[in-house]
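Reader: I would like to understand how the words used for a structure follow from the atoms. Could we take them one at a time?

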Amino acid sequence: MTVESTAGTATAAVPELVQLLTPEGERVEHPRFSLETTPEELRSIYRDLVLVRRFDGEATALQRQGELGLWASLLGQEAAQVGSGRAQRPGDWAFPTYREHGVAWCKGVDPLNLLGMFRGVNHGGWDPYEKNFQLYTIVIGSQTLHATGYAMGITKDGTDDAVVAYFGDGASSQGDVNEAFTFASVYNAPVVFFCQNNQWAISEPTERQTRVPLYQRAAGFGFPGVRVDGNDVLACLAVTRWALERARNGEGPTLIEAFTYRMGAHTTSDDPTRYRIADELEEWKLKDPIERVKAYLVREEWADQEFFDAVDAESEQLARRVREGVRNMPDPDPTSIFGHVYAEGHALVDEERAQYVEYAASFDGSEEVGEGR
Amino acid sequence: MAAENYSMVKALNEALRRSLEADPKTLVMGEDVGRLGGVFRVTDGLHKDFGDARIIDTPLAESGIMGTAIGLALRGYRPVVEIQFDGFVYPAFDQIVTQLAKMHARALGHVKLPITVRIPFGGGIGAVEHHSESHEAYFAHTAGLKVVSPSNPVDAHWMLRQAIASDDPVIFLEPKRRYWDKGVVDPLGEAPAPLHSARVARPGRDLTLIAYGPMVKVCLEAAEAAAEDGHQIEVVDLRSLSPVDFDTLEASVKRTGRAVVVHEAPVFMGMGSELAARITERCFYSLEAPVLRVGGYFAPYPPSRVEETYLPDLDRVLDAVDRALAF
Ligand SMILES: Cc1ncc(C[n+]2csc(CCOP(=O)(O)OP(=O)(O)O)c2C)c(N)n1
Ligand SMILES: [Mg+2]
């Protein structure tokens with residue numbers, strides 16, 4: 001045998017993928033990860049998945065209509081987010097990227113809150129403490145360090161809360177992410193690194209970031225890594241729960257690689273036809289995260305048409321509420337620019353605010369004069 | 001091929017192409033610069049024509065990009081680095097400030113780092129957070145870096161070719177809101193001026209407006225508007241922020257007696273502060289008014305729906321012009 005390029009050999013062995021629900025909707029067992037679910041819980045999971053997808057679709061539509069400046073769709077990643085989101089307890093914190101709409105949903109964040117920054121009326125604006133859901137982070141990888149530091153604080157406080165740090169396959173290359181791994185490992189921090197490997201970082205495939213499966217990176221940092229079927233909500237739920245339990249029990253960090261696919265463009269500004277082939281998309285369509293839950297529910301006769309119709313109706317209601325909410329979001333007052341720059345205030349900010357107000361008022365005056373004439 | 005009407009994006013693309021053709025050591029590296037052609041398409045088509053070895057899609061790590069560019073330069077290459085957006089240069093800031101800027105001096109001249117760092121910068125395109133920053137002062141504050149910013153397609157084309165040809169590290173700030181402006185570029189012609197020279201973009205005798213990059217257009221419009229009120233405003237396009245062509249500024253302000261500096265970056269500790277101070281030193285006895293500055297506020301760049309308030313516009317420039325003329 002001749003040794004080919006290392007890229008070929010490194011990825012040749014198909015890594016283990018934790019799966020509890022096949023794309024066809026068959027429930028399978030895994031030797032390490034088990035999950036007990038009631039029919040009611042499954043229906044609730046299905047509802048989350050559908051509502052999250054509907055919300056996401058509505059946001060994409062709102063961007064097309066000019067109501068949002070940009071949207072980063074989670075299409076295809078619903079299971080990874082709903083699974084890992086539902087695994088969290090209310091006291092746990094999530095540190096998201098800009099795409100974690102499904103996690104936000106599970107944490108109880110009003111979806112409208114997520115849209116402010118995409119509309120351009122704020123940079124986030126929600127209170128992270130309200131639902132233990134940190135602000136979206138656009139600078140790739142930064143939040144993984146914040147998550148780790150937060151987790152270090154939990155250890156100091158001696159509580160059994162834990163943290164989930166979200167990031168992407170592209171982010172795995174960032175220094176910050178690798179530093180987060182190091183800190184988390186050294187301080188045995190109760191943090192779960194949840195990497196959604198959606199195969200793409202804008203136009204760059206995962207091979208541009210790594211030659212080993214991402215979950216294997218954890219070993220080098222001294223904590224376990226698991227690759228899970230990111231389109232299998234039950235597997236994502238089970239593995240995240242397990243990792244959070246480890247964190248709570250003082251066993252330190254875990255890396256979860258949720259193997260999934262970005263079904264849409266990177267954002268509404270992106271044109272994926274420039275860099276990826278449609279076949280790939282077709283292949284992943286067969287692994288849809290929602291269809292398999294539906295198939296399972298139907299097979300087990302745990303849900304009837306009435307239930308599915310009710311969920312659809314509810315999702316339309318949600319879409320309507322989001323649509324109206326976005327359209328009615330007021331533009332910020334110009335003086336809000338000067339708001340909250342400092343906790344304790346700052347003389348220069350105050351001075352410039354006053355100058356701005358005076359300047360703006362000079363226009364009011366001239367307009368009034370103009371109208372008077 | 002004769003002169004063509006190019007957008008700034010196309011003018012930059014053509015400059016990269018010419019530089020890649022002229023010197024086989026020239027490389028383009030960054031996130032999504034390959035098949036995608038960059039998020040603004042500045043590197044469009046280069047991957048197809050120059051291949052993987054010269055148009056390098058890098059892992060998502062700006063410190064890594066910058067640091068390896070330095071290594072490649074040490075090995076004799078001439079990397080042109082693309083930082084995807086202004087707000088994402090900060091992970092590379094350490095490499096830029098502690099290594100890129102200083103290595104030539106530390107090696108007593110034995111090492112040259114002919115690296116160009118292209119950064120789309122500034123606001124006005126309705127973007128989300130971190131996509132509208134004006135951080136030129138950080139770079140201009142650092143000895144060892146040269147910093148330039150074109151305001152139009154012709155300058156974009158020639159200044160990029162000059163920057164790439166330069167043996168010093170050049171931070172090349174591209175005014176992204178002007179990316180789609182058009183201009184007639186002749187790539188077979190000659191560079192209209194040395195890289196580090198300022199240019200009188202519009203002559204006038206009553207006041208000098210000084211700007212660079214995105215704000216030159218606003219200042220030209222302001223000068224046009226002021227002309228209707230009978231004021232002859234001169235507009236100087238600074239082009240180079242480090243070094244600054246103070247001779248051109250001095251000559252202009254000594255003629256007009258008044259100067260207003262305009263940039264998107266916050267006024268506090270911005271380029272305008274340095275320009276105002278130097279102009280005052282050089283032109284003290286010619287000045288009829290203090291040098292005024294118009295710029296962003298001392299606040300984070302705001303959400304896009306209020307960015308028009310933050311960004312200097314025609315009215316704010318004219319307001320400063322009026323104040324300066326009233327002295
Ligand atoms: C530090 C930094 N560099 C570059 C960018 C521009 N950018 C935004 S998203 C992205 C790709 C991210 O890929 P990945 O981590 O896989 O997450 P995904 O978007 O696929 O969810 C890039 C390069 C950024 N936001 N921050
Ligand atoms: Mg990705």
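**From values to words**

Reader: What makes Asp169(A) and Trp200(A) count as buried or exposed?

Author: In this model, which is predicted, both Asp169(A) and Trp200(A) are buried, and that word is used because the relative accessible area is under 20%.

Reader: What makes atoms of the protein donors of the magnesium ion (ligand 2)?

Author: A donor here is an N, O or S atom within 2.8 Å of the metal. The OD of Asp169(A), the OD1 of Asn198(A) and the O of Trp200(A) lie 2.1 to 2.2 Å from the magnesium ion (ligand 2), so they meet that cut-off. Asp169(A) sits in the loop between strand E2 (163-168) and helix H8 (175-186) of chain A, while Trp200(A) belongs to strand E4 (residues 200-201), so the pair ties together parts that are 31 residues apart in sequence.

Reader: Why is the pair of Arg274(A) and Asp44(B) called a salt bridge?

Author: The closest N and O atoms of Arg274(A) and Asp44(B) are 2.6 Å apart, and the limit for a salt bridge is 4 Å, so the pair qualifies. Between chain A and chain B the count is two salt bridges, alongside 15 residue pairs in polar contact. On the side of chain A that touches chain B, helix H14(A) gives the most, with six residues.

Reader: How much area do chain A and chain B bury between them?

Author: They bury about 3400 Å², with 61% of it on carbon and sulfur atoms. His123(A), Arg274(A) and Ile337(A) supply 21% of the area that chain A buries against chain B, more than any other three residues.

Conventions. Residues numbered from 1 in each chain as written. Chains lettered and ligands numbered in written order. Predicted model: local features only at pLDDT ≥ 70, side-chain atom pairs only at ≥ 80, totals over all residues. Heavy atoms only, no water. Donors = N, O, S within 2.8 Å, 3.2 Å for Na, K, Ca; no water. Helix = DSSP H or I, 4+ residues; strand = E, 2+ residues; numbered from the N terminus. Buried < 20%, exposed > 50% of the residue type's maximum accessible area, 1.4 Å probe, protein only. Buried area = accessible area lost by both parts, 1.4 Å probe. Salt bridge = Lys/Arg side-chain N within 4 Å of Asp/Glu carboxyl O. Polar contact = N/O pair within 3.5 Å; in protein donor to acceptor, adjacent residues only side chain to side chain.
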